[in-house]
Amino acid sequence: MSWLDSNNNILLSQKSLDYLWEKQRIISENIANNETPGYKAKTISFEDELNANLDKFSNRKDTTKEDVRDAILDSKIRVDVSKEESNRLDGNNVNLDVEEVELNRAQLQYMYQVYQINDQFTRIRTAIGK
């Protein structure tokens, strides 16, 4: 295992980027199928499972880096089909306005996460004297 693998900040950033990339893909798929009769929008989740896994250790004093690492690794990205009712006659339940806002939000979060990773590596380079 490299020192990068043992750093929980970088691991969490990696998982977050994977999630945000997949979220953009799912939202784009929903937008592309806006006119497809009977299409049900997909939803994606990751944060709730991650928070639940990390909350297991919030009140423990003996939590180790490995516990946190395992909680991050055990958090899976989940894609579900929306059960939301459709107001359209064709049965499609994609709300284009909501999807476009969520896509923009995911893109901004992705850019911010990349900035954070770059910042972490800049600090590491500075610490070792370039």
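In which helix is the place of Arg125? Arg125 belongs to helix α4, where helices (H or I, at least four residues) and strands (E, at least two) are DSSP runs numbered from the N terminus. The structure is a predicted model, in which local features need pLDDT of at least 70 and side-chain atom pairs count only at pLDDT 80 or more, while totals for chains, interfaces and linings use all residues. Residues are numbered from 1 along each chain as its sequence is written, and side-chain values use heavy atoms, with hydrogens and water left out.

Four helices and two strands were assigned to the protein. Along the sequence they follow the pattern α-β-α-α-β-α. The radius of gyration of the protein, taken over C-alpha atoms, is 19 Å. A compact globule of 130 residues would have a value near 14 Å, by the rule of 2.2 Å times the number of residues to the power 0.38. Along the principal axes, the C-alpha atoms fill a box of roughly 60 × 35 × 25 Å.

The protein exposes about 9,000 Å², with carbon and sulfur atoms supplying 52% of this area; accessible areas come from the Shrake-Rupley method with a 1.4 Å probe, and for residues only the protein chains shown count as cover. Of the 130 residues, 28% are buried, that is, under 20% relative accessible area, with exposed meaning over 50% and partly exposed in between (1.4 Å probe, protein chains only). Contacts (heavy atoms within 4.5 Å) reach well along the chain: among those between residues at least 6 apart in sequence, 80% join residues at least 24 apart. There are 18 positive and 23 negative side chains, and the centres of the two sets lie 6 Å apart. In this count Lys and Arg are positive and Asp and Glu negative, leaving out His and the chain ends, and each charge is placed at NZ of Lys, CZ of Arg, CG of Asp or CD of Glu.

Helix α3 (residues 65-74) has Asp67, Ala71 and Ile72 as its buried residues. These residues lie on the same side of α3, because they cover an arc of only 135 degrees around the axis, as given by the directions from the helix axis to the C-beta atoms. The buried residues of α3 pack against α1 (8-32) and α2 (47-55).

Gln24, located in α1, counts as buried because its relative accessibility is 15%. Beyond its neighbours within four places in sequence, Gln24 contacts Leu103, Ala106, Gln107 and Tyr110. Asn30 is also found in α1, and its relative accessible area of 1% makes it buried. Not counting residues up to four places away in sequence, Asn30 touches Tyr39, Ala41, Lys42, Val94 and Glu99.

Asn93 sits in the loop between β2 (78-81) and α4 (96-127) and, with 8% relative accessibility, counts as buried. Its contacts, leaving aside neighbours within four places in sequence, are Tyr39, Lys40, Ala41, Ser82, Glu84, Glu85 and Ser86. Gly38, 55 residues away along the chain, has its C-alpha atom 7.9 Å from that of Asn93.

To return to Arg125 of α4, this residue is partly exposed, because its relative accessibility is 45%. Arg125 and Leu73 are 52 residues apart in sequence, and their C-alpha atoms are separated by 26 Å.
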